[in-house]
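Please read the numbered points beside the sequence and the model.

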Amino acid sequence: MIFEKEKYYKYINQLEKEQTIIYIIIMILAIIIGIATGGTPLIVTIPFGLFISWCYTIGIKIKIQEMKWKFDIYNKLMEK
């Protein structure tokens with residue numbers, strides 16, 4: 001079998017969990033950096049952390065959509 005549905009589902013779920021973990025880790029790092037530099041830069045580091053995590057997870061979201069698209073194509077081909 002060339003295409004294994006279970007592996008695709010498993011990998012999609014893994015990527016979605018990774019996306020959440022990345023948000024949490026980057027935000028924790030942004031808060032730690034803000035506190036370590038005196039507390040006032042929290043106003044700067046938190047939005048900066050959100051922006052970095054958003055940019056990083058865009059790639060993951062694109063990969064998930066691509067995998068779902070391939071999965072849909074596979075299902076359409078198997079119907080015929």
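1. The side chains of Glu16 and Lys68 form a salt bridge, with an N to O distance of 4.0 Å. This pair links distant parts of the chain, since Glu16 belongs to helix α1 and Lys68 to helix α2, 52 residues apart. Glu16 has a relative accessible area of 32% and is therefore partly exposed. Lys68, at 35%, is likewise classed as partly exposed. It should be kept in mind that the model is a predicted one.

2. How many salt bridges does a search of the whole structure find? The search finds two. Besides the pair already described, the side chains of Lys70 and Glu66 meet in a salt bridge at 3.3 Å, N to O. Lys70 and Glu66 both lie in helix α2, and their separation of four residues is about one turn of the helix. Lys70 is partly exposed, with 33% relative accessibility, and Glu66 is partly exposed with a relative accessible area of 32%.

3. The chain contains two helices and zero strands. Its radius of gyration is 18 Å, well over the 12 Å that the globule rule gives for 80 residues, so the chain is more spread out than a compact globule. Along its principal axes, the C-alpha trace spans about 65 × 15 × 10 Å.

4. Helix α1 covers residues 5–36. Just after α1, Gly38 adopts a positive phi of about 120°.

5. Which residues of α1 are buried? They are Ile12, Leu15, Gln19, Ile22, Ile26, Met27, Ala30 and Gly34. The cover over the buried residues of α1 includes α2. For the chain as a whole, 22% of the 80 residues count as buried.

6. Thr45 is located in helix α2, and its relative accessible area of 12% is under the 20% cut-off, so Thr45 counts as buried. Apart from neighbours within four places in sequence, Thr45 is in contact with Ala30, Ile33 and Gly34. Of these, Ala30 and Gly34 are among the buried residues of α1, whereas Ile33 is partly exposed, with a relative accessible area of 48%.

7. Ile33 also takes part in a surface feature. Together with Ile21, Ile25 and Leu29, Ile33 makes a nonpolar surface patch of about 370 Å². The chain exposes about 6,200 Å², and carbon and sulfur atoms supply 70% of that area.

8. Helix α2 comprises residues 42–79, and Asn75 is found in it. Is Asn75 buried or partly exposed? At 26% relative accessibility, Asn75 counts as partly exposed. Asn75 and Pro41 are 34 residues apart in sequence, and their C-alpha atoms are 51 Å apart in space.

9. A last point concerns contacts over the whole chain. Among contacts between residues at least 6 apart in sequence, 72% join residues at least 24 apart.

Definitions and conventions. Residues are numbered from 1 along each chain as its sequence is written. Side-chain values use heavy atoms; hydrogens and water are left out. Buried means under 20% relative accessible area, exposed over 50%, partly exposed in between (1.4 Å probe, protein chains only). Contact means heavy atoms within 4.5 Å. Patches are made of residues with over 30% relative accessible area and no salt bridge: like charges are joined within 9 Å, nonpolar side chains (Val, Leu, Ile, Met, Phe, Trp, Tyr) within 5 Å. Accessible areas come from the Shrake-Rupley method with a 1.4 Å probe; for residues, only the protein chains shown count as cover. The radius of gyration is taken over C-alpha atoms; the globule rule is 2.2 Å times the number of residues to the power 0.38.
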